[in-house]
Amino acid sequence: EDLDVKILPVGGCTIVKKIYEYLYLPIQASEEARDLLGKVYCLIDTDRRGIALEVKSETKNNKLCFRRIQLDAEKDQIRLVRISDTLNTETEFEEVLFPRRFYKSLQKVISDNPSEMMPNNGKESISEIFSNYEFESESKYSFIKGTNSILKPTSLGRTISKDMESIHCFFDNNKDAICTKYLEMDKIESPVWIKDIIKFCN
């Protein structure tokens with residue numbers, strides 16, 4: 001959708017928290033917010049450490065809110081929850097993308113850098129490692145590692161955990177390129193959690 005928005009990546013949950021709490025009091029105050037035309041949506045992923053807010057997770061005037069992205073395994077859905085929500089399992093943004101789209105983006109960037117070597121594997125290039133896996137067609141999310149991985153082994157005798165670590169390391173080193181490939185693909189309908197953000201902004 002065409003939205004008049006500015007996206008500001010700031011590099012870390014604690015920095016987002018500081019910005020949110022800095023903005024909270026003036027935006028919450030009705031006399032200060034009267035002339036505020038826009039809205040601010042602060043979004044973080046969920047990590048092991050977690051954070052705690054000194055203020056509420058949204059202002060009464062609905063101009064500012066703070067949420068974290070969370071995979072709800074029991075309901076099998078991605079949710080945008082308040083910081084204080086008791087559901088708290090590690091969830092990163094790159095794990096809640098469209099799985100096939102993410103796989104193809106990763107595949108394309110690997111094909112552009114076939115000889116790149118990984119620190120934990122000095123014998124095989126990333127393309128050699130990746131060639132032992134195919135897309136797991138039943139994937140609902142875009143995990144690389146773990147039981148919900150988008151990658152399914154096609155060869156016997158592999159040390160899967162080591163391979164997944166190598167592929168994930170490649171992803172970490174090439175996030176910008178993979179993101180670019182992901183966005184270059186044909187437009188598709190936004191996931192529900194994105195629609196929730198759009199609804200807030202409108």
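**View A. Contacts of Lys17 in the predicted model**. Leaving aside neighbours within four places in sequence, Lys17 touches Ile51, Ala52, Leu53, Glu54 and Phe66 (contact means heavy atoms within 4.5 Å). Lys17 belongs to helix α1, residues 13-28; helices (H or I, at least four residues) and strands (E, at least two) are DSSP runs, numbered from the N terminus. The relative accessible area of Lys17 is 17%, so this residue is buried (buried means under 20%, exposed over 50%, partly exposed in between, with a 1.4 Å probe and protein chains only).

The model is predicted: local features need pLDDT of at least 70, side-chain atom pairs count only at pLDDT 80 or more, and totals for chains, interfaces and linings use all residues. Residues are numbered from 1 along each chain as its sequence is written, and side-chain values use heavy atoms, with hydrogens and water left out.

**View B. Packing of helices α3 and α5**. Helix α3 (residues 99-112) packs against helix α5 (residues 160-173) at an angle of about 85°, with the axes 11 Å apart. Axes are lines fitted to C-alpha atoms, for helices over the stretch in contact, and angles run from 0 to 180 degrees between N-to-C directions. The two helices, α3 and α5, are therefore roughly perpendicular (65 to 115 degrees; under 35 is roughly parallel, over 145 roughly antiparallel, and the rest oblique).

**View C. The hairpin of β4 and β5**. Strands β4 (residues 117-118) and β5 (residues 121-125) run antiparallel and are joined by two bridges; strands pair if DSSP finds at least two bridges between them. Met117 has Ser125 in β5 as its bridge partner. Two residues lie between the strands of this hairpin.
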